[in-house]
Amino acid sequence: MSTNNTILGLLSGLAIGAIAGILLAPDSGENTRAKIKDKSKEAKDGLTENLNDLLENMSEKYDVVKKAGSEIVSTSKAELSKVKREVGS
């Protein structure tokens, strides 16, 4: 989870730095607003992409854990049946 926090912090820092740089640069208001709009869209797109990657990664891990759990249950049931047969004999 710390990797995700690090990525989020890095992206936030980059966005804040970009906005601060734009606001402090000598340029007209119209150009500054256009730059802010562009940078905001880039930041949003980057965050959306990272979130989608995170969700996909989590979904894949969930599927792996679910399959492993299913296999454990099946194996446990088979072993339990075997023990019951041995005890019953």
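**Exercise 1. In which helix is E30 found? Is E30 buried or exposed?**

Solution. The model is predicted.
- Step 1: locate the residue. E30 lies in helix α2.
- Step 2: take the relative accessible area of E30, which is 60%.
- Step 3: apply the cut-off. Exposed means over 50%, so E30 is exposed at 60%.

**Exercise 2. What distance separates the C-alpha atoms of E30 and E56?**

Solution. 
- Step 1: note the sequence separation. E30 and E56 are 26 residues apart along the chain.
- Step 2: take the C-alpha atoms of E30 and E56. They are separated by 39 Å.

**Exercise 3. How are α1 and α2 oriented to each other, and which residues make the contact?**

Solution. 
- Step 1: set the limits of the helices. Helix α1 covers residues 2-24, and helix α2 covers residues 29-88.
- Step 2: compare the axes. The axes of α1 and α2 come within 9 Å and cross at roughly 175°.
- Step 3: classify the angle. Angles over 145 degrees count as roughly antiparallel, so α1 and α2 are roughly antiparallel to each other.
- Step 4: list the contact. From α1 come N4, I7, L8, L11, A15, A18, I22 and L23. From α2 come T32, K35, I36, K39, A43, L47, N50 and L54.

**Exercise 4. How many salt bridges does the structure hold? Work through each pair.**

Solution. 
- Step 1: count. The structure holds two salt bridges.
- Step 2: Side chains of opposite charge can pair when their charged atoms come close.
- Step 3: take E42 and K39. Their closest N and O atoms are 3.9 Å apart. The cut-off for a salt bridge is 4 Å, so the E42 and K39 pair qualifies at 3.9 Å.
- Step 4: E42 and K39 are three residues apart in helix α2, so about one helical turn separates them. K39 counts as partly exposed because its relative accessibility is 36%. K39 of α2 is also among the residues in the contact with α1.
- Step 5: take D45 and K41. Their closest N and O atoms are 2.9 Å apart.
- Step 6: check accessibility. D45 is partly exposed at 36%, whereas K41 is exposed at 53%.

**Exercise 5. Which residues make the nonpolar surface patch of about 320 Å²?**

Solution. 
- Step 1: name the members. I19, L23 and L24 make the patch.
- Step 2: follow L24. L24 is found in helix α1, and L24 counts as exposed because its relative accessibility is 74%.
- Step 3: follow L23. L23 of α1 is also one of the residues in the contact with α2.

Technical notes
Residues are numbered from 1 along each chain as its sequence is written. This is a predicted model: local features need pLDDT of at least 70, side-chain atom pairs count only at pLDDT 80 or more; totals for chains, interfaces and linings use all residues. Side-chain values use heavy atoms; hydrogens and water are left out. Patches are made of residues with over 30% relative accessible area and no salt bridge: like charges are joined within 9 Å, nonpolar side chains (Val, Leu, Ile, Met, Phe, Trp, Tyr) within 5 Å. Accessible areas come from the Shrake-Rupley method with a 1.4 Å probe; for residues, only the protein chains shown count as cover. A salt bridge is a side-chain nitrogen of Lys or Arg within 4 Å of a carboxyl oxygen of Asp or Glu. Helices (H or I, at least four residues) and strands (E, at least two) are DSSP runs, numbered from the N terminus. Buried means under 20% relative accessible area, exposed over 50%, partly exposed in between (1.4 Å probe, protein chains only). Axes are lines fitted to C-alpha atoms, for helices over the stretch in contact, and angles run from 0 to 180 degrees between N-to-C directions. Angles under 35 degrees count as roughly parallel, over 145 as roughly antiparallel, 65 to 115 as roughly perpendicular and the rest as oblique. Contact means heavy atoms within 4.5 Å.
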